[in-house]
Amino acid sequence: MTELEPDAALDRHALVMGVWLALGLIATLLLHYGLGTGGLPAVAAGFAAVLTAFFAHVIVNAVYATTFTRRELALGLVIYLTGLLAVSLAALSSAAFRDHGFVPMAAGLAGSGAVIVIYMIIHFGVRGVFDAFNVIGDFRVDEDDEPSGGGRQ
């Protein structure tokens, strides 16, 4: 993948933000409604909106011949882990959520996580997915960077 020109990178960023803001709002409203009076169909529709936003982001990446940036991957991981933590804490602290909302939310988080991981493995391969999240790997010393005369003595 090639580096985008500044204007193309800005256009891509605007498209991605527009997709996530619109569909993220819809997903938030559906999940809120589903945890209230809407029930399982609304929760399922909320997670379907999240997956629709993800695949729209994939389409934007395909149009611009790019992949997910490290910042996008990090933000997605932080949001996903925050959702897991929120569902876990809600299950521990609220009997009503534990009785009615835990199973749909846990199934939605597990299902959406599985879909995203499977897509990334199919598209990038296992090594490519690992390298996308492996920040420490950027600090490895290459053999070309070694001083002449061999290694340490």
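Predicted model: local features only at pLDDT ≥ 70, side-chain atom pairs only at ≥ 80, totals over all residues.
Q: What share of the 153 residues is buried?
A: Buried residues come to 25% of the 153 in the protein chain.

Q: And how much accessible surface does the protein chain have?
A: About 10,600 Å², with 69% of that belonging to carbon and sulfur atoms.

Q: Okay, which residues make the nonpolar surface patch?
A: Leu77, Leu81, Leu84 and Phe133 do, and the patch covers about 330 Å². Helix 3, residues 70-93, gives the largest share, with 3 residues.

Q: Where does Phe133 lie?
A: Phe133 is in helix 5, which runs over residues 102-133.

Q: Where is the kink in helix 5 centred?
A: On Phe124, and the kink is about 105 degrees.

Q: Which residues of helix 5 are buried?
A: Pro104, Met105, Gly108, Leu109, Ser112, Gly113, Tyr119, Met120 and Val129.

Q: What do those buried residues of helix 5 pack against?
A: They pack against helix 1 (6-38), helix 2 (40-63), helix 3 and helix 4 (95-100).

Q: Switching topic: how many salt bridges does the structure hold?
A: The structure has 1 salt bridge. In that salt bridge the side chains of Glu72 and Arg12 meet, at 3.0 Å from N to O.

Q: Which parts of the chain does that pair link?
A: Distant ones: Glu72 sits in helix 3 and Arg12 in helix 1, 60 residues apart.

Q: Why would two such side chains pair at all?
A: Side chains of opposite charge can pair when their charged atoms come close.

Q: Is Arg12 buried or exposed?
A: Arg12 counts as buried, because its relative accessibility is 6% and the cut-off for buried is under 20%.

Q: Last one: what share of the contacts with a separation of 6 or more comes from residues 24 or more positions apart?
A: Those residues account for 64% of such contacts in the protein chain.

Note on methods. Residues numbered from 1 in each chain as written. Heavy atoms only, no water. Patch = residues over 30% accessible without salt bridge, like charges linked within 9 Å, V, L, I, M, F, W, Y side chains within 5 Å. Areas by Shrake-Rupley, 256 points an atom, 1.4 Å probe, with all protein chains shown as cover. Salt bridge = Lys/Arg side-chain N within 4 Å of Asp/Glu carboxyl O. Helix = DSSP H or I, 4+ residues; strand = E, 2+ residues; numbered from the N terminus. Bend = angle between axes of the 7 residues up to and from the residue. Buried < 20%, exposed > 50% of the residue type's maximum accessible area, 1.4 Å probe, protein only. Contact = heavy atoms within 4.5 Å.
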